[in-house]
Amino acid sequence: MALVSLNSTEGAANLLSSSTDGLSVLPKYFVSDEERKSLHHISPLTDLTSIDLQELDGPSRAQAVEKIRKACKNDGFFEVVNHGVSDKLMDEMIKVAEEFFQMPVEDRAHLYSDDYHKRTRVSTSFNVSKEDKLHWRDYLRHPCYPMEDHIESWPNKPSSYKKIAAEYVTAIRALVLKLLEAISESLGLEKDYISNALGKQNQTMQINYYPPCPNPDLTLGLGAHTDPNCLTVVQHDDVSGLQIMKDNKWFDVPSLHGAFFVNIADQLQVISNGEYKSLVHRVVTNSTKRRISIPTFYGPSLDTIIKPASSMVALHPHGALYTAFTYGQFIDHFYSQRLVTTTLKRFEISCSEIEYKVV
Ligand code: OGA
Ligand code: NI
């Protein structure tokens, strides 16, 4: 049974970060038996590709693009270093994010909403009006681009929030645009292909707050999912917890110390016509330390029509693997259910259709 939609005062009371006594893992946070078993079979990630972003501006650009191609094709993720976002700014962003979740709940309760149409909001779990099991996480998210259209809606408290976040999202956008050019090139597309394919574009920043969890083997910070946007760039603090799936096995991503974790998301899978796959990932909890991560979800504006690039379709033996859709349609489907790995399935051209076309 799904929980009902709550107003901001009732909803804010459900935030994990509003609890003043010790938290306990109630049954509504329990994962399935199968997920619980999977928590015990984790391998360390030993081969994380590191991309030096400065190389994209120098004589070894072609090699760096080739490295990106391999990481996107084989893994769906990589880390970036020399990315142009200063250590100072990264530290300040984590610090103000922590302050946001540690201030008295009254100071963030007015931003609570479980309606995904509200683009600046605080919430808990993933999508409480559609979930019968909850994830051990609170979050703040807000749109960032164009900044002047959205900054008004960002939190006023802590008082330094807007200034630090403004500097941060500007630096992240520059990093993302550089990566999108290199990724376009790695697919044999014009440099500006992907950023153009995203229409007016959408940059959403999220602060995930995972409190310490008394029973990390009963629940998940976030269950297995793929991100609905195009490319995700994540800053982690020094507490690990992110896990990625490769060859049907879960791997622990180590904490990255000054680097960003980048992963392929659903729209890039569509635009590349399946050449690059959206990364399946999840977050585990731990009993001693609160964890903060700051993903930036970069993707299309809601009115943008997304479809596979025609040159990618031409290269594929089955032609187009996905129908054309607006990103708004995709997001409505994404939020019509609990957190899953299969949102893209709805937009696949099924094999029978392909065979029909061939006949
Ligand atoms: C997400 C996500 C990863 C993390 O918010 O979609 O996957 O490390 N976060 O918190
Ligand atoms: Ni994610």
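What percentage of the 359 residues of the chain count as buried? In this predicted model, the share is 55%. The chain holds twelve helices and 15 strands. Its radius of gyration is 20 Å, close to the 21 Å that the globule rule gives for 359 residues, so the chain is as compact as a globular protein of that length. Welcome to a quick tour, which starts with the whole chain, moves on to the ligand, and ends with some individual residues.

**The chain as a whole**

- Taken along the principal axes, the box filled by the C-alpha atoms is roughly 60 × 45 × 40 Å.
- If you look at contacts with a separation of 6 or more, 77% of them join residues 24 or more positions apart.
- The accessible surface of the chain is about 16100 Å², and carbon and sulfur atoms account for 52% of that surface.

**Around ligand 1**

- The shell around ligand 1 is made of 15 residues, and the closest are N208, Y210, H281, R291 and S293.
- N208 places a polar side-chain atom 3.0 Å from an oxygen atom of ligand 1. For H225, an N or O atom of the side chain is 3.1 Å from a ligand oxygen, and for Q206 the corresponding distance is 3.3 Å.
- On its own, ligand 1 has 290 Å² of accessible area, and the protein covers 95% of this.
- By residue class, the shell has six nonpolar, six polar and three charged members.

- Y145 and P146 are joined by a cis peptide bond with omega of about -10°. P146 sits in the loop that runs between β5 (138–143) and α6 (147–150).
- K157 and P158 are also linked by a cis bond, with omega near -10°. Here the proline, P158, belongs to the loop between α6 and α7.

- N82 has a positive phi of about 50° although it is not a glycine. You will find N82 in the loop between β3 (77–81) and α4 (87–102). Its relative accessible area is 41%, so N82 is partly exposed.
- S125 is not a glycine either, yet its phi is positive, at about 60°. S125 lies in the loop between β4 (121–124) and β5. Is S125 buried or exposed? S125 counts as buried, because its relative accessibility is 1%.

**Helix α7: A165 and S186**

- Helix α7 spans residues 161–186 and includes S186; A165 is in helix α7 too.
- A165 has a relative accessible area of 0% and is therefore buried.
- Beyond its neighbours within four places in sequence, A165 is in contact with M93 and W154. W154 is eleven residues from A165 in sequence, and their C-alpha atoms are 9.0 Å apart.
- S186 counts as buried because its relative accessibility of 10% is under the 20% cut-off.
- Which residues does S186 contact once neighbours within four places in sequence are left aside? They are V65, R69 and Y276.

**S32, in a loop**

- S32 is placed in the loop between α1 (8–13) and α2 (33–38).
- With a relative accessible area of 36%, S32 is partly exposed, since partly exposed covers the range between the buried limit of 20% and the exposed limit of 50%.
- S32 and H316 are 284 residues apart along the chain, and 38 Å separates their C-alpha atoms.

Note on methods. Residues are numbered from 1 along each chain as its sequence is written. Chains are lettered from A and ligands numbered from 1 in the order in which they are written. This is a predicted model: local features need pLDDT of at least 70, side-chain atom pairs count only at pLDDT 80 or more; totals for chains, interfaces and linings use all residues. Side-chain values use heavy atoms; hydrogens and water are left out. A residue is near a molecule or strand if one of its heavy atoms lies within 4 Å of it. A polar contact is a pair of N or O atoms within 3.5 Å; within protein, one must be able to donate a hydrogen and the other to accept it, and residues adjacent in sequence count only if both atoms are side-chain atoms. Accessible areas come from the Shrake-Rupley method with a 1.4 Å probe; for residues, only the protein chains shown count as cover. Ala, Val, Leu, Ile, Met, Phe, Trp, Tyr, Cys and Pro count as nonpolar, Asp, Glu, Lys and Arg as charged, and the others, Gly among them, as polar. Helices (H or I, at least four residues) and strands (E, at least two) are DSSP runs, numbered from the N terminus. The radius of gyration is taken over C-alpha atoms; the globule rule is 2.2 Å times the number of residues to the power 0.38. Buried means under 20% relative accessible area, exposed over 50%, partly exposed in between (1.4 Å probe, protein chains only). Contact means heavy atoms within 4.5 Å.
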